[in-house]
Amino acid sequence: MSLPASGTGLGVPMAETKSQASRTLHEQLLSEFRSFIISQRWPPGYQLPFETALADAHGVSRMTMNKVLTQLTREGFLIRRRKLGTFVARPHAQAAVMEIADIAAEVQALGQAHSFVLHERKLRLPQPGEIAEARIEQDRQRPVLYLQGVHFADAQAFCREARIINTEAAPAALEQDFTSVAPGQWLLQEIPWSSAEHRIRAIGADDAVARDLGLRPGEPCLEVTRRTEISGNWVTLAHQTYPGDRHELLARFEPRADSG
């Protein structure tokens, strides 16, 4: 009959026993922290105590706590910011790539309250970049309605929006102050469109975007540029900028009949 391994008295090597205990504690912490987040005991945006304090509070090594926090970050529950700390991730909004998005509906789908704050509204001539992006004909350059503001989800900035509207295609826009309804929402309800184009790119937040979204200059953002038209005439050109860690794009598609 074989003798128990030295040091354990249980027939299991000491190193293996420690490994099992550590692994079980690791899993317990993962389960506990996930439940805190899902139940919103730790709500979105909540800042966790620093790693060392968490380790001391739960009686584990800093290495074990680091592994727990790293795994929860990989799973999307947490966001870790260098020199700032660890935060509970906010729900990611999913915008369909090929749809005209209603930002109010996106926010409400996350279970949060939507609001829009208009920062600027003025009638002016289109700028050179806008002329190119909206494909405004040289002989049809008329004043456009420029609107810039921020969409909020609860109290947090969700999306910065800057757009121009063709007042010939949507003359009723001149009568709107856009304080009670967001421009995109009003356009979807009031102005038909026959075609649309989307351009999606990653950008670093410039000073204006950083200020409006509560970010640091240079932080990654997702910019969606949308152009819509009706019967060959452009209606609106919108630039919608989202914090990169709070938004993702979703596309659904099916194979074509002639695809292999």
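**Pocket and strands**

A: The residues lining the largest pocket divide into 6 nonpolar, 3 polar and 6 charged, and please keep in mind that this is a predicted model.

Q: What volume does the largest pocket have?

A: The computed volume of the largest pocket is about 260 Å³.

Q: And which lining residues are closest to its centre?

A: Of the 15 residues that line the largest pocket, those closest to its centre are Arg81, Phe87, Gln156, Asp245 and Arg246.

Q: Which elements give two or more residues to that lining?

A: Those are strand E1, covering 78–81, and strand E2, covering 85–88.

Q: How many bridges join E7 to E8, and do they run parallel or antiparallel?

A: Strand E7, residues 195–204, is joined to E8 by 10 bridges, and the two run antiparallel. Within E7 and E8, Gly204 stands opposite Pro220.

Q: What about E8 and E9, how many bridges there?

A: E8 pairs with strand E9, residues 233–243, over 10 bridges, again in the antiparallel sense. Arg226, for instance, has Ala238 in E9 as its bridge partner.

Q: Which residue takes a positive phi in the hairpin of E8 and E9?

A: That is Ser231, with a phi near 50°, in a hairpin that has 2 residues between the strands.

Technical notes: Residues are numbered from 1 along each chain as its sequence is written. This is a predicted model: local features need pLDDT of at least 70, side-chain atom pairs count only at pLDDT 80 or more; totals for chains, interfaces and linings use all residues. Side-chain values use heavy atoms; hydrogens and water are left out. On a 1 Å grid over the protein atoms alone, a cavity is a set of points where a 1.4 Å probe fits but cannot get out, and a pocket is an open set with protein on both sides within 12 Å along at least five of seven lines; lining residues have an atom within 4 Å of a point. Grid points are joined across faces, edges and corners, and a volume is the space filled by probe spheres set on the points. Helices (H or I, at least four residues) and strands (E, at least two) are DSSP runs, numbered from the N terminus. Ala, Val, Leu, Ile, Met, Phe, Trp, Tyr, Cys and Pro count as nonpolar, Asp, Glu, Lys and Arg as charged, and the others, Gly among them, as polar. Two strands pair if DSSP finds at least two bridges between them.
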